[in-house]
Amino acid sequence: MNQKCWYVSSGAVGTTFELALGKKILRCQRLLNLSHPQEFREYEGSANLLVWCAWRLDRGMKTVTSWDDEIETVVEGLSHLTGKRVIDLDIQTPAWDLLLKFTGDYSLKVFCDHVPGNPSCQDNWILSIPQKTLYAGPGQYYGIERKN
C-alpha cells in the first residue's frame, strides 16, 4: 500500500476518526468546518479511511489508545500516525476486521462490532480509494461502490 498518512481527523464525534492517506486531491466541495486545518478543508487523501466501530492502536508490544479511551488521549494517540506510511493492510473475515501496519511499528486494529439487528451505525468502516469505495458492516456485509 505504502500510503503516507498526512492528516488524522478525530475528536469530533466520539472516538470515530478519519485518516487522510496518499496524495492530496482537491475536494469537489471545500469543507466549512474551521476546526480542521485549511489543507484538510481544501484537500482529501487519494485514500481515506473512516472508522465507526471499535479499534485499538498499538506500537510494538504496547497499547497507545483505543476507541474506549478519553477523547484527549485518542486525539493524541492517533496523531502519532501523521507522517507514517501504511506498509500493510489485511482484511479479515468473517466480519471484515482491518489490520493496518504503519512505519514506526504502529498497528491499527479495527474490530467490526456493528452487527445486524439494530446497530448504532450503518457501517463499521469505509475505505475510499481511487475508482471505488469499500464498506464493511454490519455483520458480514461488505460492499463496493464504483466511482465515476
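In this predicted model, the sulfur of C5 lies 17 Å from the closest cysteine sulfur, that of C53, which is too far for a bond. A disulfide requires two cysteine sulfur atoms within 2.5 Å. C53 is in no disulfide, and its nearest cysteine sulfur, in C112, is 4.6 Å away. By this rule the count of disulfides is zero.

Where do these cysteines sit, buried or exposed? C5 is buried, with a relative accessible area of 0%. C53 also counts as buried, at 6% relative accessibility, because the limit for a buried residue is under 20%. Over the chain, buried residues make up 40% of the 148 residues.

The secondary structure consists of two helices and 11 strands. Read from the N terminus, the elements follow the order β-β-α-β-β-β-α-β-β-β-β-β-β. Among contacts in the chain with a separation of 6 or more, 45% are between residues 24 or more positions apart.

As for overall dimensions, the C-alpha trace spans about 40 × 40 × 30 Å along its principal axes. The radius of gyration of the chain is 15 Å; a compact globule of 148 residues would have a value near 15 Å, so the two agree.

The chain carries 16 positive and 17 negative side chains. The centres of these two sets are 9 Å apart.

Key. Residues are numbered from 1 along each chain as its sequence is written. This is a predicted model: local features need pLDDT of at least 70, side-chain atom pairs count only at pLDDT 80 or more; totals for chains, interfaces and linings use all residues. Side-chain values use heavy atoms; hydrogens and water are left out. Buried means under 20% relative accessible area, exposed over 50%, partly exposed in between (1.4 Å probe, protein chains only). Helices (H or I, at least four residues) and strands (E, at least two) are DSSP runs, numbered from the N terminus. The radius of gyration is taken over C-alpha atoms; the globule rule is 2.2 Å times the number of residues to the power 0.38. Contact means heavy atoms within 4.5 Å. Lys and Arg count as positive and Asp and Glu as negative; His and the chain ends are not counted. The place of a charge is taken as NZ of Lys, CZ of Arg, CG of Asp or CD of Glu.
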